[in-house]
Amino acid sequence: MKVSLFITCLSDAMFPRVGEAMAHLLARHGVKLEFPQTQTCCGQPAFNSGYFDEARASARTLLEAFADSDFVISPSGSCTGMIHHYYPKLFEHDPVLLAEANRLVDKTFEFSQFLVQVLGVTDVGAVFPYKVTYHPSCHGSRLLGVKEEPLALLSHVQGLELVPLPFAEDCCGFGGTFAVKMCDISGAMVTEKTDHIIETEAEVLVSLDMGCLLNISGNLRYRGNPVRAMHLAELLYEGVKANVHA
Amino acid sequence: MSTHDTGHSAGSTVKERAKIALNDEFLVNAVKYTTEKLRSGKHTATADHGEWETWRERGRQIRLHTIAHLDYYLTQFARNARAQGVHVHFAATAQEAVDLTMAIAKHKQAKTVVKSKSMVSEELHINKAFEELGIESIETDLGEYIIQLADETPSHIIIPAIHKNRYQIADLLSKEAGETLAPDTKILAGFARRKLREKFLEADIGMTGCNFAIASTGSIVIFENEGNARMVSTVPKTQITLMGMERIIPTWDDLEVMSTLLPRSATGQKLTVYMSGITGPRREADGDGPEEMHVIIIDNGRSQQLGDPEFQELLNCIRCGACLNVCPVYRHIGGHSYGGTYSGPIGAVLTPALKGNVAEWDDIANASSLCGACWEACPVKIPLHDMLIYLRRRKVESGYTAADEKLGMKGFRYVMSDHRKLKLALRAGKLGQKFLVRDGFIKARIGPLKGWNAYRQVPALPSKSFRDSWKHLDQELEQEVGAKQSEAERKMREYLERRGPSHNGHSESHTSPSGTHGNQGGQPHE
Ligand code: SF4
């Protein structure tokens, strides 16, 4: 069984600790991982801007890198969503690559999805005695349909108090190039999101996507707010390490 | 764009208009207040229904089928309506529809027209055309009446005056009344009712829109809450109904589905207060109704979507406004920022699609974070978030893109098509950021970080990327896997068996993939 990490460019470059936490958690559940070095990016920045050729050039590195993998696991709901929802479209005019793309769709999982659906794990044995609120990423929950898995994992963390985030399903305003092109609209969206986060009085904000985290934590810091923004994998791994009885 | 097109918003791009709207506290608060009420109403109404997802799929199938056979159903509708004595006209463009309407008005020597709410009439700017002929035309839907008094355009498909609070509305109506009216909904509505009642009685023509047209009997169906459309379609001697060519459904049975989906999605009502089905003009035994009835069927860019696999589903829209109410962009910038008749996610796609004008596309299609909330809310599951991407792509394909964006994407392709180049680029980035980083963050508002850092700080690139530390990490992981490996492999194998060998999640179109992992992804629902 060949299980590959699809680390995503954002985690690779900016949040290596997220990829590392995910890898440790999976390894502790017996998953032997490999990391094909030739992978780059799912192509979403170009695809969402309408540059399909450029997106394909990037996406092809994934088709090649994971050609003989049985499972591909990623810490991003958005990048996994990109593969699931858009690769068949991206390669619709090339029957050979389309077949490869469809195979990749079948084997690619977002991290919490893999843990819960494939391994059947909802309790990773973590202790995390903080007040936490959860922001579901739009692409993870809508394009990919990952809604219950993160909550199932969080609900089994000892000491963790999960407080509901008002209007949780509203986009945080990241949207890739949207945040740069339409910066004022995006700024208003992220400010509203952090308003709601602050309202919950949570100490930690947890999410499934580095894009959302980059956006939300950047705005929290800009506002001088101490709420910690963490990826689910980071939170769980920190909790596992903190659990002295495990 | 003229002020008539955009209401009171100045500025020529979505971005500029949005900036003005974002700073208009009244507007932002009013829009947020009402959209929040509408979406929570919808939430409750769809949950109460119990079988919402099934009915949504029914609705989608009815619309897909009808639009796929639109020529057949339009012909059937026209034949049946004519058999009932209706004058059926076809208008290829907005201008043709205006000309047809004005010709009827002139022929009838009309002085006053009363109108019920109709978005297609906004598309035609029909009130302006009446005004030019010296004919008084009065909006009788309360929201539309307010907008008409303010000399603006609707900023929401179903709540035209959503951007105004009751104090602003009281000011407008007081001016019309010639006395100060208290900002109390009852008092304001009472005034409007008295005023409009006079107009119903003196009007020569009643003008309506059409929510659905029933092909099998040639009938039109109007949904409303105030009773004004019923007055418009019964009191005046002549009725003109404007109808987008896609408003058709095959039979009254299909209306059962639509009359469940539309009010619940629009306002959270189980049923609309008034639903009028009109089959032909007044017959002898009828108590009321117009002596003469015209239906003008309008294309105005709609038929361009037919046969286009990426955009045909746009014609499935039933104009419920649910996508506006859940849209996080719409709720911050309101409807006028979109610059067209239709606003929100549906407007962002429909306006450029109907115009078919590439040059005007970019800005409006970019005003979305592609979050997909519209798709999730839509009662007929139109994948607007996908269509926004296709609009952007068509823009790129036609060469109408900013030079810096093109250059950026060229760079993206160069770096991302080869992991070795990505590695070099990261190294360059780490060197380049040296002068900008303070306490692990960059605050400077320069280059592409200009807009981003106006609201955020960005973390510096860490000294080692994931791929830089993989070798070391791999050794650690080796230790951790240990004896559990065989159990994990067993679970993975079992999962694959459970899912089945001939698993294929792609038999449907990309816009509605079936769940690929145990019935998960693809079709969002609430
Ligand atoms: S696109 Fe869907 S949600 Fe939006 S107005 Fe049309 S039917 Fe309603």
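This is a predicted model: local features need pLDDT of at least 70, side-chain atom pairs count only at pLDDT 80 or more; totals for chains, interfaces and linings use all residues.
I looked up the interface first: chain B and chain A bury about 8,500 Å² between them, and carbon and sulfur atoms give 61% of that. Buried area here is the accessible area (1.4 Å probe) that two parts lose on being put together, summed over both. Residues are numbered from 1 along each chain as its sequence is written, chains are lettered from A and ligands numbered from 1 in the order in which they are written, and side-chain values use heavy atoms, leaving out hydrogens and water.

Next I checked who takes part. The contact (heavy atoms within 4.5 Å) takes 97 residues from chain B and 95 residues from chain A.

I found 13 salt bridges between chain B and chain A, counting a side-chain nitrogen of Lys or Arg within 4 Å of a carboxyl oxygen of Asp or Glu. One of them joins the side chains of E376(B) and K147(A), at 2.9 Å, N to O.

Last, the ligand. Residues near it (a heavy atom within 4 Å) include C317(B), C320(B), C323(B) and C378(B).
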